[in-house]
Amino acid sequence: MSFLSYFISGVSLGAVYAIIALGYTMVYGIARMLNFAHGDVIMVGSFVIFTVVSTFGLNPLIGIAAGVLACTLLGVTVERIAYRPLREATSLAVLITAIGVSYFLQNVALLIFGSNAHQFTSVVSLPNLVLAGGNLIISSTAIVTIISCIIIMIALTAFINRTKIGQAMLAVSEDRGAASLMGIDVNKTIAVTFAIGSALAAIAGALLCSAYPSLTPYTGSMPGIKAFTAAVFGGIGSIPGALIGGIVLGVIENLSKAYISSQLSDAIVFAVLIIVLLVRPTGILGRKINEKV
Amino acid sequence: MTKNKVRIQNAVTYGMVILFWVVIQVMDKTGHLTSLFKGLLVPLCMYAILAVSLNLTVGILGELSLGHAGFMCLGAFSGAFLTNCLETAVPGVGLRFFLALILGAAVAGVFGLLIGIPVLRLKGDYLAIVTLAFGEIIKNLINVLYVGRDANGFHFSMKDTTSLGLDEETGVILVKGAQGITGTPRAATFTIGILLLLLTLFIVLNLIHSRTGRAIMSIRDNRIAAESIGINITKYKLMAFSISAALAGMAGVLYAHSLSTLKASSDNFGYNKSILILVFVVLGGLGNMRGSIIAAMLLTALPELLRGLNDYRMLIYAIVLIVMTIFNSSPKAIELRSVVMSKLRGGAKKEVA
């Protein structure tokens, strides 16, 4: 029974990674850039929700709405100021500005909230699910997290396949030049991608901090890296890949924490990533690109 | 003609480093150095070495590596371990430090080779994330490593100090997991740092301007074309990668000997450190060793020089980073710069005429 409980909390952690990984994977697929600041957007979202819920004492749903709004604006603004001028530059240059943005967000948060950990009030206030006569307790946060992840995945797939802007996103990720010749506004499409990714980051932040309530300016960076790992694991650019990568990573992390060593769990996660990439160099669901001479 | 140009360029780079050393010595003798700045001198050299060595991988070989801090960590720990082990056998601190430098570089170099064999088959961002993963694994493993020594020899453990099973009388714990290695003599000085930086430059610059270096750069520019003229891709990739790792290991030994306690913490050897070094390389210019040194030194000194601004210094650092990159790399900024430059030059020509 304890295995099952570790497994379920692993799936729930993995679901958070998957939601964050979506932001990485969409931005990478469309703008061909590694958005290193994505993890810090999660942190900003969590702080906004924390302020609304704990400081102003409003309903958690209003908090989440405010967090989503703030992160969407933040994502679009950052894209406009820091990334768009470098659209035609080398990918390394954009990587460096993303790192700069990451430092910037962390230090702004540090100035406003200080470096001490804040206690995040869970946005989920449902009773835990007790099964098998009290032997298996599944936290309500885990259930809400897994359900939200599934809803987000379905909604996003529908959005990309059924709407005009979603099709535009696919076209831009396929071939930016050809897409703009077909009359697609590339800049607008990329801005929408950032908006969606950042909005998802706020939701991920709320779920992450509900499960792990200590909130500091550096809260987002390690989950950000893990989610990025999940995105690469599943095949970067692929939405189902992000889901698979996130869940697998979360389960491995939780099980190795429980059964092997809590200090080595990160090392085990990364080792699995390396093994997978050596067998499938573009991730589980990644497309292989053949080079032409 | 071009050979001469290369020689002049290299001489300027070496000269710049030596000039820096002279200026610091003069300032030190005349008492113009604050203690804050003195503490910064060894890290300045260390970051310059790290930046030059990473530039070999990123700028010359053209592969993005985010695991440089891992190699530095390996060098730091193997070097500090040796210095502490030989405490009784070799009394001279200088000699022990020298041996530690060689061992640190060798260990990091060998690991660079071992990691490079599987990793360098990957491309681009996949390579970047795998090198990041290796760096984190190295840091995590060293964090749970316990090593002790007694009359029976060395004991290793991944759990705690008691499971080492040391002899009570003769047992000494050398590596203490998350608490790391303590009691390393602080033998690293600014002069040694500068000498190591010059050595690094000598190795890297000579490599770049040799037949081997040209082979490495041809892989960067076009892998398939390079392969078609008979260049052994794997061999040259591995060579560049492991030399870069060995130099990072050497910088790690320098670092270990500037601290009394060495810990494999995230602040010291996490992926953020690797990213920091990458920032120096990119801002200094890919493939430009002189630029790497200047960027490493300026950006290391900047947060310290801004100390008067207290809480705002890292914020300013972040803004400087963003603005500098946009100014350096944005097509519009480059166009603007060339317009301004041509106007200035045009004006100058008219004056001459």
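Modeller: What follows is a set of labels, each set against its cut-off, and the model is a predicted one.

Biologist: Now Ser261(A). Why is this residue called buried?

Modeller: Its relative accessibility is 19%. The limit is under 20%, so Ser261(A) counts as buried. Ser261(A) lies in the loop between α10 (239-259) and α11 (265-279) of chain A.

Biologist: What makes the pair Ser261(A) and Leu264(A) a polar contact?

Modeller: A polar atom of the Ser261(A) side chain lies 3.2 Å from the backbone nitrogen of Leu264(A).

Biologist: Which other serines count as buried?

Modeller: Ser238(A) is one of them, with a relative accessible area of 15%. The cut-off is under 20%, so the label holds. Ser238(A) sits in the loop between α9 (221-234) and α10 of chain A. Beyond its neighbours within four places in sequence, Ser238(A) is in contact with Thr25(A) and Leu285(A).

Modeller: Ser78(B) is another, buried at 13%. Its place is in helix α3 (residues 68-85) of chain B. The side chain of Ser78(B) reaches the backbone oxygen of Gly75(B) at 3.4 Å. Not counting residues up to four places away in sequence, Ser78(B) touches Leu103(B), Gly104(B) and Val107(B).

Biologist: Why is Arg32(A) called partly exposed?

Modeller: Partly exposed lies between buried, under 20%, and exposed, over 50%. Arg32(A) has 46% relative accessibility, so it falls in between. Arg32(A) is in the loop between α1 and α2 (38-55) of chain A. It also has a positive phi of about 55°, although it is not a glycine.

Biologist: On to helix α6 (residues 164-174) of chain A. Which of its residues are buried?

Modeller: Gly166(A), Ala168(A), Met169(A) and Val172(A).

Biologist: How do you know that they line one face of α6(A)?

Modeller: Look down the axis of α6(A): its buried residues fall within an arc of 155°, so they line one face. On the other side, Lys164(A) and Glu174(A) are exposed. The buried residues of α6(A) pack against α1 (2-31), α5 (140-162), α7 (176-181) and α8 (186-211) of chain A.

Biologist: Why is Ile160(A) called buried?

Modeller: Ile160(A) has a relative accessible area of 10%, which is under 20%, so it is buried. Its place is in helix α5 of chain A. Leaving aside neighbours within four places in sequence, Ile160(A) is in contact with Gly166(A), Gln167(A), Leu170(A) and Ile239(A).

Biologist: Which residues touch the most other members of the largest nonpolar core?

Modeller: Tyr83(A), Ile99(A), Leu254(B) and Leu278(B), in a core of 203 residues. Helix α2 (residues 35-60) of chain B gives the most to this core, with 16 residues. Contacts of Tyr83(A) outside its four-place sequence neighbourhood include Met33(A), Val94(A) and Phe194(A).

Biologist: Last one. How do you know that β1 (residues 146-150) and β2 (residues 153-157) of chain B pair?

Modeller: Pairing needs at least two bridges. These strands have five, in the antiparallel sense, so they pair. One bridge joins Gly148(B) to His155(B). With two residues between them, β1(B) and β2(B) form a hairpin.

Methods:
Residues are numbered from 1 along each chain as its sequence is written. Chains are lettered from A and ligands numbered from 1 in the order in which they are written. This is a predicted model: local features need pLDDT of at least 70, side-chain atom pairs count only at pLDDT 80 or more; totals for chains, interfaces and linings use all residues. Side-chain values use heavy atoms; hydrogens and water are left out. Helices (H or I, at least four residues) and strands (E, at least two) are DSSP runs, numbered from the N terminus. A nonpolar core is a set of buried Ala, Val, Leu, Ile, Met, Phe, Trp, Tyr and Cys residues joined through side-chain atoms within 4.5 Å. Buried means under 20% relative accessible area, exposed over 50%, partly exposed in between (1.4 Å probe, protein chains only). Contact means heavy atoms within 4.5 Å. A polar contact is a pair of N or O atoms within 3.5 Å; within protein, one must be able to donate a hydrogen and the other to accept it, and residues adjacent in sequence count only if both atoms are side-chain atoms. The arc is that of the directions from the helix axis to the C-beta atoms.
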